[in-house]
Amino acid sequence: MDPVRFYSDIIKRNMDKPEKVNKLINFGLAAAYYYVNFFKDKRSPKSLHYLNKYCIKSIKDSLKNPQNSAWVNLFSPCEFLIAMDIKPLFIEAYSSFMSGFFIEDYLIDTAESRGISNTLCSYHKTFIGANELNILRKPEFMITTSMICDANMPTFRYLSRKYGVPLYIIDIPYKYSEEALIYVKNQLLEMVKRLEEVFKRKLDIDKLREVVKIENKTRTVMKEYLDYLKEKTLLTSMTFEMYMLFASHVFIGSREILSFYQMLIDDIKRAPERRGKSIFFVHLLPMFEKNFKDNFNFNNNFHIAGSDINYDFLGEIDEKDPFKGIAEKLILTSFNGEINRKVTRIRELIEKVKPDGIIQFCHLGCKQSIGGTFIIKNLASEMGIPFLYLDGDCVDKRNNQEGQNRTRLEAFLEML
Ligand code: SF4
């Protein structure tokens with residue numbers, strides 16, 4: 001029997017015992033961490049192996065230390081948490097791991113049975129389901145933003161009320177202006193005050209400047225990596241490309257992430273010249289969908305040439321005034337504001353990476369993703385690059401039509 005399925009069955013049989021399930025999940029993460037440590041996948045380059053360990057460890061650490069943890073979403077500014085030694089747990093990652101453990105269906109059904117709409121994004125439903133079953137221990141603080149994701153604010157508000165845990169929602173204006181910048185900066189200052197009160201420690205501004213300095217350095221290396229993508233082929237997998245979200249967002253500014261990108265540069269320098277067909281992804285990659293795994297994981301013929309969500313901000317953060325610099329980043333990310341901003345970033349990335357095709361996987365329940373599909377399709381046809389969009393679910397495997405996906409994906413790849 002498949003050990004992961006066996007483990008998942010044990011968890012499901014014990015769902016009425018939250019303490020036990022909590023321990024089983026911590027055990028599963030610890031086992032995954034030691035497995036990855038001792039059995040390196042021969043196909044994965046050194047950098048991605050390192051990232052794999054880092055991602056599992058970060059989830060494991062924040063779950064084990066709820067008294068020193070804050071729940072966040074992917075776009076929350078975690079530089080402050082890194083500088084204050086607080087462990088962030090981002091809900092999208094937690095839900096992805098639960099899908100990896102094959103228990104997302106149970107958690108989603110629980111959320112829906114308690115009144116959560118079935119049209120809510122499954123990253124959120126999975127996380128809410130885990131909380132409804134009391135599997136998670138409450139953190140000390142929660143942070144989210146108003147941008148991009150319409151599911152964030154209601155989910156975080158609900159969880160904050162459920163546990164009586166303070167929540168800070170950063171309101172991000174659509175348009176960039178000096179006024180908007182000051183407005184967001186003031187919120188960040190206020191948020192840090194709350195963090196200081198809750199965690200009973202002061203933010204060291206020099207430490208924050210150091211985090212921002214590392215973040216800027218990391219982005220320089222990241223851009224260097226982008227330059228290599230058009231001429232080299234570094235074989236990777238759907239999961240690794242999604243793991244990059246830990247590096248490009250929540251943990252950017254940490255020394256480990258800078259080391260990861262430096263290793264990635266070494267790996268891509270050593271990689272062979274470009275061969276096969278390269279595919280650029282818009283937004284998310286369905287890392288559990290069988291056809292995508294079969295066609296893209298470490299495949300010489302079709303390989304992943306990045307995803308725009310990992311390059312939503314490529315500017316530099318002001319090191320002298322990090323509050324203002326981070327506010328600027330939040331407003332200017334290509335996922336905030338009008339769709340044109342996102343389209344411009346995708347165009348820039350495509351011009352740089354020169355992929356052979358573009359795929360947009362429209363994750364069920366994500367209005368921001370589905371809403372822009374035809375505008376991005378028009379961009380692709382204007383640039384003369386084949387474009388495919390497919391509907392499905394990155395977390396809830398039951399929502400993926402494997403047969404239909406196979407037909408459309410294989411026809412697209414054959415055409416390339
Ligand atoms: S997929 Fe869309 S709805 Fe779901 S968490 Fe991400 S941005 Fe929000």
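Let's start with Glu79, which lies in helix 4, residues 79-83; helices here are DSSP runs of H or I with at least four residues, strands are runs of E with at least two, and both are numbered from the N terminus. This is a predicted model, where local features need pLDDT of at least 70, side-chain atom pairs count only at pLDDT 80 or more, and totals for chains, interfaces and linings use all residues. Residues are numbered from 1 along each chain as its sequence is written, and side-chain values use heavy atoms, with hydrogens and water left out.

So, is Glu79 buried or exposed? Glu79 counts as buried because its relative accessibility is 1%. Buried means under 20% relative accessible area, exposed means over 50%, and partly exposed is in between, with a 1.4 Å probe and protein chains only. Which residues touch Glu79, leaving aside neighbours within four places in sequence? They are Leu208, Val211, Glu215, Ile317, Ile326 and Lys329, where contact means heavy atoms within 4.5 Å.

Next, helix 17, residues 373-383. Thr373, Ile376, Leu379 and Ala380 are its buried residues. Seen down the axis of helix 17, they fall within an arc of 125°, so they line one face; that arc is taken from the directions from the helix axis to the C-beta atoms. As a reminder, an α-helix has 3.6 residues a turn, so residues three or four places apart point the same way. On the other side of helix 17 you'll find Asn378, Ser381 and Glu382, which are exposed. The buried residues pack against strand 5, helix 15 (339-353), strand 7, helix 16 (367-371) and strand 8.

Now over to helix 18, residues 402-415. Its buried residues are Asn405, Leu409, Phe412 and Leu413. Down the axis of helix 18, the buried residues fall within an arc of 95°, so these too line one face of the helix. The face turned away from that buried side carries exposed Gln404, Thr407, Glu414 and Met415. What covers the buried residues of helix 18? The cover includes strand 5 (277-282), helix 13 (290-296), strand 6 (302-307), strand 7 (357-363) and strand 8 (387-392).

Finally, a look at the surface. Phe39 sits in the loop between helix 2 (18-38) and helix 3 (46-64), and Phe39 is exposed, at 53% relative accessible area.
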